[in-house]
Amino acid sequence: KQWYQRRVRGIYVLSAAYLFHFTAFISFAGFLNMYLLGPPFNWATDRIGIVNTASSIGNFVMVLTVPLWRKIGVSETIIGVTACGMCAAGYGVMAIARSFGLILTSGLLKAGSGVAIALYRSRLSKLVKPTQYGQLFSILNSLEC
């Protein structure tokens, strides 16, 4: 019974963290574009495209490196905490950024966000029975809408 309560609590905590992180990840793109189009930057869309592309490539590369980290014995928890830390550092750099280089650095640091979201899903899938995967992922996908 105690194991069951811990599992349910883990599902709630991870679901809340997933929803919070996913919402921040998705809503930030629109915020970033509006931020960079206005003063003090007044960027053209080509520079914004470069930053968004760099961030997307960073996410892609980070997600591809997870199996390599797992292969050398790094736990999912360590990878997830590191990814969340990178994401937080990216937002911190964005808060003080006043140049193209710092904003690009911020986008690359936030590449941990994609890894964190994937690891939330992975950890959640380990807390439910294989017959409940459909329910879990349908709930997560409806939260994403």
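These are my notebook entries on one predicted protein model.

**Ground rules**

I am working with a predicted model, where local features need pLDDT of at least 70 and side-chain atom pairs count only at pLDDT 80 or more, while totals for chains, interfaces and linings use all residues. Residues are numbered from 1 along each chain as its sequence is written, and side-chain values use heavy atoms, with hydrogens and water left out.

**Entry 1: the overall fold**

I looked up the helices and strands first. Both are DSSP runs, numbered from the N terminus: helices are H or I with at least four residues, strands are E with at least two. The protein has six helices and zero strands. Along the sequence I read the pattern α-α-α-α-α-α. The C-alpha trace spans about 55 × 35 × 20 Å along its principal axes.

Next I checked burial. Buried means under 20% relative accessible area, exposed means over 50%, and partly exposed lies in between, with a 1.4 Å probe and protein chains only. Of the 145 residues in the protein, 34% are buried.

**Entry 2: helix α3**

Which residues of α3 are buried? I found E76, I79, G80, A83, C87, G90, V93 and M94. They cover an arc of only 150 degrees around the axis, so they sit on the same side of α3. The arc is taken from the directions that run from the helix axis to the C-beta atoms. An α-helix has 3.6 residues a turn, so residues three or four places apart point the same way. The face of α3 turned away from the buried side carries the exposed residues V81, A95 and I96.

**Entry 3: cysteines**

I searched for disulfides, meaning pairs of cysteine sulfur atoms within 2.5 Å. The whole structure has zero. C84 is in no disulfide, and the nearest cysteine sulfur, that of C87, is 7.0 Å away. A disulfide is a covalent bond between the sulfur atoms of two cysteines.

C84 is partly exposed, at 26% relative accessible area. C87 is buried, at 3%.

**Entry 4: the loop between α1 and α2**

I went through the backbone here. The peptide bond from P39 to P40 is cis, with omega near 5 degrees. P40 is in the loop between α1 and α2. N42 lies in the loop between α1 and α2 too. Phi of N42 is near 55 degrees, a positive value in a residue other than glycine. Is N42 buried or exposed? N42 is exposed, with a relative accessible area of 51%.

**Entry 5: the largest pocket**

I needed the pocket rule first. On a 1 Å grid over the protein atoms alone, a pocket is an open set of points where a 1.4 Å probe fits, with protein on both sides within 12 Å along at least five of seven lines; lining residues have an atom within 4 Å of a point. Points are joined across faces, edges and corners, and a volume is the space filled by probe spheres set on them.

The largest pocket holds about 280 Å³. It is lined by 14 residues, and the closest to its centre are I11, V128, Q132, L136 and I139. α1 (2-37) and α6 (133-144) each supply at least two lining residues. α1 gives the largest share, six residues.

I then sorted the lining by class. Ala, Val, Leu, Ile, Met, Phe, Trp, Tyr, Cys and Pro count as nonpolar, Asp, Glu, Lys and Arg as charged, and the others, Gly among them, as polar. The lining has nine nonpolar, three polar and two charged residues.

I followed up V128. V128 is in the loop between α5 (112-126) and α6. It is buried, at 13% relative accessible area.

**Entry 6: the second largest pocket**

The second largest pocket has a volume of about 240 Å³. Of its 14 lining residues, F25, F28, A29, S55 and K110 are the closest to its centre. The largest share, five residues, comes from α2. By class I noted seven nonpolar, six polar and one charged.
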